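Work through the exercises below with the sequence and the model at hand. Each task is followed by a solution in steps.

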Amino acid sequence: MTVPRVRIESLERHVGQRVEIAGWLQHARSSKHVHFLYVRDGSGVVQVVVAASDVPPALFDQAGGLPLETSLVVRGTVRRHPRRDELELGLDELDVVSRPVREYPISPKEHGVDFLMDHRHLWLRSRRQQAILRVRAEIVSAIREYFDSRGFVLVDAPILTPNACEGTSTLFETDYHGQKAYLTQSGQLYAEAAAMAFGRTYCFGPTFRAEKSKTRRHLAEFWMVEPEVAFMDLEGDIALAEDFLTNLVARVLDRRRAELGVLERDVAPLERIRPPFVRLRYEQALEILREAGQPVRFGDDLGGDEETVLSQRFDRPVVVTHYPMSLKAFYFKRDPSDPSRALNMDVLAPEGYGEVIGGGQREDDLAALEAAIEAHRLPRAAFEWYLDLRRYGSVPHAGFGLGVERTVAWICGLHHVRETIPFPRMLHRLAP
Ligand code: 4AD
Ligand code: MG
């Protein structure tokens, strides 16, 4: 008789039946006449009961001597736990697929972050890490669904590029058949080209910054989604960011509550996320920072510490706009009513998480853009194609980039972004 292979998450449909589960031994405990094996299959963990009275002595002994992370296939009958509200498997057959060659290095005891990061390939099996990566997967899926269902066409940007987007200080340089190339910092310039073709577009992929800073918010490789819309101004951009971010949070609350529970995330602050967000112009942000005792002067950029202060101040996200042009990248449009200011916006997540979105309205005037490229000392030739977008049917347009890892860190309530991506790349970490 063949036994159906089932996933632990669907055991409820098989109560009273004999089934097969394939997985790994996550934890085990024994008393004299019974072994309890906690088997994980990626969809959940089930208690497998091996009773001396039910199985031959050789099988009983084998089940009691398995090291953690043994891969195995177990067969038995699904039944309700006698006291707890859960299901268990009464084992009658066991196949060991592979026995670990030595003791599994990650034990329930506390390990240091460096040790866990060195063993990231194994650490992913833990309950907490699985919860975080499931929330990440949900957010990625929600991002795609949000844009796909609103007429945005996905047009992915290249990863190897000849030109910088976000300043030249954080470029990873590589050799491209004898020509200098860079890992992309942002797909934005290409998204702008796509917006002139499709009206509404987004790109979504890995982006790279050779950040020399070691902070809880910076990765060398991170994922960014970048919508770009033709005939949209800064106001439209902010409204899109508000609706989008609200939608992402609602989706995680709707579908990943169990995972947020594993992470002990207080969901009350997330339930308060809805438009309109708090609006601050750059100088109002400085005012608040000064009141909070931060020694900021006009013209200073808002770094991690400043973002933390601002985003602890309100229970909704904060949108900071109109930064001095001197702080911003070459492509921003100047505010017509004060050309020293950029039509830009940063969205800061609450609870001290800081910037999760950066974007704004783009310079759509050919001469002004040419001047900006020159003022930023960027190599003009590499931007000729980008200037073409202003030569042929230029229109006002705007967009933004949302960093996936910072969003996951905020929604999961994590202190550091390093656990929000399967294999983080940071200042001193390229492995595993
Ligand atoms: O503010 P940034 O640098 O904006 C851009 O790259 C624009 N070209 C986007 C656009 O308008 N299309 O980055 C956008 C977001 C930040 O708000 C942050 O969430 C994330 O990307 N980000 C990082 N995340 C992790 N590590 C880093 N080093 C990051 N740098 C930016
Ligand atoms: Mg930014």
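**Exercise 1: one glutamate and its surroundings**

Apart from neighbours within four places in sequence, glutamate 259 is in contact with Ala131, Arg134 and Val135, where contact means heavy atoms within 4.5 Å. This is a predicted model, in which local features need pLDDT of at least 70 and side-chain atom pairs count only at pLDDT 80 or more, while totals for chains, interfaces and linings use all residues. Residues are numbered from 1 along each chain as its sequence is written, chains are lettered from A and ligands numbered from 1 in the order in which they are written, and side-chain values use heavy atoms, with hydrogens and water left out.

Task: State which helix holds glutamate 259, and decide why glutamate 259 counts as buried.

Solution. Step one: glutamate 259 sits in helix α7, residues 257-262. Helices (H or I, at least four residues) and strands (E, at least two) are DSSP runs, numbered from the N terminus. Step two: buried means under 20% relative accessible area, exposed over 50%, and partly exposed in between (1.4 Å probe, protein chains only). Step three: glutamate 259 has a relative accessible area of 12%, so it is buried.

**Exercise 2: the barrel**

Task: Give the strand order of the closed barrel and describe how β3 and β5 pair.

Solution. Step one: the closed barrel has 5 strands in the order β1-β2-β3-β5-β4, and its pairing is mixed. From one strand to the next, the twist averages 55 degrees. Step two: two strands pair if DSSP finds at least two bridges between them. Strands β3 (residues 45-51) and β5 (residues 87-98) have 3 bridges and pair in the parallel sense. Valine 49 has glycine 90 in β5 as its bridge partner. Step three: helix α1 (residues 57-64) lies across β2 (34-40), β3 and β5, at about 80 degrees to β5. Axes are lines fitted to C-alpha atoms, for helices over the stretch in contact, and angles run from 0 to 180 degrees between N-to-C directions.

**Exercise 3: the open sheet**

Task: Name the edge strands of the open sheet, and find the partner of leucine 160 in β9.

Solution. Step one: the open sheet has 3 strands in the order β7-β9-β8, with antiparallel pairing. Its edge strands, β7 (160-161) and β8 (173-176), each pair on one side only. Step two: β7 and β9 (residues 179-183) run antiparallel and are joined by 2 bridges. Leucine 160 has leucine 183 as its bridge partner in β9.
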